[in-house]
Amino acid sequence: MLKYLYLYAVLLLSLATSCNKEKKDTETKNLPKIAIAGLGIESSTFSPALSTEEAFHAKVGDSVFTRYPFLQPDSINRKRAQWVPTLVGKSLPGGTVTREAYESLVGKSLKMLEENKPYDGLFFDIHGAMSVVGLDDPEGDLIMRIREVIGDDVLISTSMDLHGNVSERLAKHTDLITCYRMAPHEDAIESKRRAVTNLIDRLESGKGKPAFKAWVPVPILLPGEKTSTRIEPGKSLYAKVPTVVNQEGVIDAAIWIGYAWADEPRNHAVVMVTGDDKEKVAEGAEKLAQNFWDVRNEFEIVAPTTTLDESLKLALASEKKPYMISDMGDNPTAGGAGDVTWTLKELLARPEFKSKNGTSLIYASIPGPEFVEKALEIGIGGKIKAEAGAAVDDRFAGPLTLEGTVTAIKEGDVNAEIEVVVKVGNIDVIVTKKRKPYHLLSDFTNLGLDPKNTDIVVVKIGYLVPELYDMRGDWTMALTPGGVDQDLNRLGYKRIKRPMFPLDSTMAQPDLKPKWIPAADAK
């Protein structure tokens, strides 16, 4: 009797498990199927550097999820859809992307999308300022080629950096679009989450594609260092975005500053608003565009700006530690080659930094793969004399011979790969195998450096990111040469649309009426 009861219990358990599985399978089938894809980089066409495929550190399949805290297994949005992550590649800003690298990454993305279709939606995660050899508007090209695979009816939601560019082609082939609202980009993850949430909401509600997409090109081209949302007028300008978004019938609104260091027709500011209420979408887009135009003359670089020589005079006279100097012209986080030696050459020539007991200075950083290789042979504590820098951009100064003592070697960094600190006089020079921006306190302390108690810290960067900003005793931004020169008049644009503020500072009021962008599947 007990035997039959046991078998009956096992049968009931099996039936229950089977029913639960069928119920779960049914629930999964009812969820929207959403793919993830995208490529991101800022590419300066004024830098001689070229960016290759390895720079993108592409993630494929489930590893893509590591980029998105809001899509972890226990997150709400992860459970609201069947996710198909394909390929997402993100590079440090750099030079123009080689055509071979672009076609390889795009080819892999399209192959994975083809293998797993059909889809209800796509989360398109891009930066928006990629330049590719021989190709204008790469993001517009990429989304159009994605459409050829997945179809025009699929709902695409695009997340971008506010320093990206929105061409008409990109605006047409995306349905929902948004960008960061802060510079520095402290809201990057929040913005990507917003793009995903908007996508799922529209799929779940059955509303699908927005009825209206308003696109307004604004003929302004400014560097990010002039448009920080920490200060006015950027702070108040971006504060107006929620007042447009928080209206019934509006899905999202965004202001793109655009990317100043590439010479393509799409490089200019843009405002876009999407939604189902035509009047509110139009009014919101025109209002934001006009607000931007009205404050165009008020934008100033986010910190005091002067020559390197004057920056050093101020730093040497200051009692505040650390006095931070931004070596802006070759900023690798804006697209500079990162290996211009002009500033470091000037520093090494200064008598204040030749004595070991003089003013202390950290320089971060200069690439020098051969220097790094020699340092590995010599080891910590050894004397070294080798060249570094100017392998890519030697227009302003040639390679430098650094002679000093190796004080630290660190391997395994995702960008630099290997970092070496060499003490030259009283300057700690960080030499890297590959270029790397230094943003965090730990970037320095991991190398045995103490920036908080160093007199002067010089970083190849523009505006200071939050951790450095909070660390500073004082700060100036030095107008140094390089591929992301802050003086746009020196760059020599040939292909951007003119007139363009501030290059054409006396230009008349432009037409800021919104242009209605049709949906990708519009007949």
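The legends below describe close-up views of a predicted model.

**View 1. The largest pocket and its lining.** This pocket has a volume of about 1,400 Å³. Its lining consists of 48 residues, and Ser91, Leu92, Pro93, His185 and His439 lie nearest the centre. Helix α6 (residues 188-205) contributes three residues, the largest share of the lining. Sorted by class, the lining residues are 23 nonpolar, 14 polar and 11 charged.

**View 2. The second largest pocket.** The space in this pocket is about 750 Å³. Among its 31 lining residues, Ala337, Val392, Lys433, Lys434 and Arg435 lie nearest the centre. At least two lining residues come from each of β3 (50-51), β6 (94-97), α12 (369-378) and β16 (383-388). The lining comprises 13 nonpolar, 10 polar and eight charged residues.

**View 3. An aromatic pair formed by phenylalanine 46 and tyrosine 493.** The two rings are edge-to-face, 5.2 Å centre to centre, with 90 degrees between the planes. The pair links distant parts of the chain, 447 residues apart. Phenylalanine 46 lies in the loop between β2 (43-44) and β3, and tyrosine 493 in the loop between β21 (474-478) and β22 (515-516). Both residues are buried.

View 4. Over the ring of tyrosine 438 sits the charged end of lysine 436, 4.6 Å from the ring centre.

**View 5. Arginine 472 and tyrosine 469.** The charged end of arginine 472 sits over the ring of tyrosine 469, 3.8 Å from its centre.

Methods
Residues are numbered from 1 along each chain as its sequence is written. This is a predicted model: local features need pLDDT of at least 70, side-chain atom pairs count only at pLDDT 80 or more; totals for chains, interfaces and linings use all residues. Side-chain values use heavy atoms; hydrogens and water are left out. On a 1 Å grid over the protein atoms alone, a cavity is a set of points where a 1.4 Å probe fits but cannot get out, and a pocket is an open set with protein on both sides within 12 Å along at least five of seven lines; lining residues have an atom within 4 Å of a point. Grid points are joined across faces, edges and corners, and a volume is the space filled by probe spheres set on the points. Helices (H or I, at least four residues) and strands (E, at least two) are DSSP runs, numbered from the N terminus. Ala, Val, Leu, Ile, Met, Phe, Trp, Tyr, Cys and Pro count as nonpolar, Asp, Glu, Lys and Arg as charged, and the others, Gly among them, as polar. Rings of Phe, Tyr and Trp (its six-membered ring) pair if their centres lie within 6.5 Å; planes under 30 degrees apart count as stacked, over 60 as edge-to-face and the rest as tilted. Buried means under 20% relative accessible area, exposed over 50%, partly exposed in between (1.4 Å probe, protein chains only). A charge sits over a ring if NZ of Lys or CZ of Arg is within 6 Å of the ring centre and within 35 degrees of the ring normal.
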